[in-house]
Amino acid sequence: FCEKCNILTTTQHFIIMKRQLLFLLLVCSSVCATKATAQTPTTFWADNANTAWYNTSTSTFTLTTANQLAGLAVLVEGGNNFTGKVITLGNDLDLGAHLWKPIGKNTTLTFSGTFDGDNKVLSNLYINNLTAAFTGLFGQITNATVKNIILQNPTISAKSDAGCIAGGLMTNALVTNCHARGVVISGTEANIGG
């Protein structure tokens, strides 16, 4: 402290700022770690899926619950690729209650319809499968259009071919006007993206 000027010296000012910054970093780290630990689900959407909305004679569907969206993943894994069908989201959905199973499991069981998120927000998508490839909201899409999706705070841990909207795009696959914010994504092998 400079007694003549009645102000802190540069060194003292720097020490005080450094302490304040360290304190803020510790608080932020604590809050982030608590949030991640508290919200990570351990159950699976596939066990809570609703497929009752689907029938073979209809070509357009509006999904309004997370259970119905999880049903889409179950139906695609069961062999229905949704060619010629249009799926639209009717509400913002929070997917944080369970671990997500991607829509389209691999290059054989792929989504091939049109999915319109209608600019709805899908929040808190969690995938934790370090043995899986083709991971994301969609695992694999072929001859498909996926559009107008907003993902908020997706957390994805996978083996390879992982992305937020889709892990893999094949022939004639179009993803347009899709956005992801607050992304946490990791993989143990190759082709890990946002």
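Does asparagine 191 count as buried or exposed? With a relative accessibility of 55%, asparagine 191 counts as exposed, because the cut-off for that class is over 50%. The model is predicted, and the points below are grouped by topic.

**Two residues with positive phi**

- Asparagine 191 lies in the segment after strand 12, and its phi is near 60 degrees, which is a positive value in a residue other than glycine.
- Phenylalanine 82 is located in the loop between helix 2 and strand 2, and phi is positive there too, near 65 degrees, in a residue other than glycine.
- Phenylalanine 82 is buried, with a relative accessible area of 0%, whereas asparagine 191 is exposed at 55%.

**The nonpolar core**

- The largest nonpolar core consists of 38 residues, and within it Leu69 and Leu72 are the residues with the most contacts.
- Two or more residues of this core come from each of several elements, among them strand 1 (60–63), helix 2 (66–77), strand 2 (86–89), strand 4 and strand 7 (145–152).
- Helix 2 supplies the largest share of this core, namely seven residues.

- Strand 1 and strand 2 run parallel and are joined by four bridges, with threonine 62 standing opposite threonine 88 of strand 2.
- Strand 2 also pairs with strand 4 in the parallel sense, over three bridges, and here threonine 88 has aspartate 116 in strand 4 as its bridge partner.

- An open sheet is formed by three strands in the order 5-8-12, and their pairing is parallel.
- Why is one side of strand 5 and of strand 12 left without a neighbour in the sheet? Strand 5 (126–135) and strand 12 (184–187) stand at the edges and each has a single partner strand, so one side of each remains without a neighbour in the sheet.
- From one strand to the next, the twist of this sheet averages 20 degrees.
- Four bridges in the parallel sense pair strand 8 with strand 12, and serine 157 has serine 186 in strand 12 as its bridge partner.

**Two residues of strand 7**

- Valine 146 belongs to strand 7 and counts as buried, because its relative accessibility of 1% falls under the 20% cut-off.
- Apart from its neighbours within four places in sequence, valine 146 is in contact with Phe115, Phe138, Ile141, Ile165, Leu174, Val175, Thr176 and Cys178.
- The C-alpha atoms of valine 146 and alanine 166 are separated by 9.2 Å, the two residues being 20 residues apart along the chain.
- Lysine 147 is likewise in strand 7, but lysine 147 is partly exposed, with a relative accessible area of 27%.
- Although lysine 147 and aspartate 116 are 31 residues apart along the chain, their C-alpha atoms are separated by 5.1 Å.
- Beyond residues up to four places away in sequence, lysine 147 touches Thr114, Phe115, Asp116, Gly117, Thr176, Asn177 and Cys178.

**Histidine 98 in its loop**

- Histidine 98 sits in the loop between strand 3 (93–94) and strand 4 (114–123), and with a relative accessible area of 14% histidine 98 is buried.
- Which side chain does the side chain of histidine 98 meet in a polar contact? The partner is the side chain of threonine 43, at 2.4 Å.
- Histidine 98 touches, not counting residues up to four places away in sequence, Pro41, Thr43, Phe44, Trp45, Asn48 and Tyr126.

Technical notes. Residues numbered from 1 in each chain as written. Predicted model: local features only at pLDDT ≥ 70, side-chain atom pairs only at ≥ 80, totals over all residues. Heavy atoms only, no water. Buried < 20%, exposed > 50% of the residue type's maximum accessible area, 1.4 Å probe, protein only. Polar contact = N/O pair within 3.5 Å; in protein donor to acceptor, adjacent residues only side chain to side chain. Contact = heavy atoms within 4.5 Å. Core = buried A, V, L, I, M, F, W, Y, C linked by side-chain atoms within 4.5 Å. Pairing = 2+ DSSP bridges. Axes fitted to C-alpha atoms, helices over the stretch in contact; angles between N-to-C directions.
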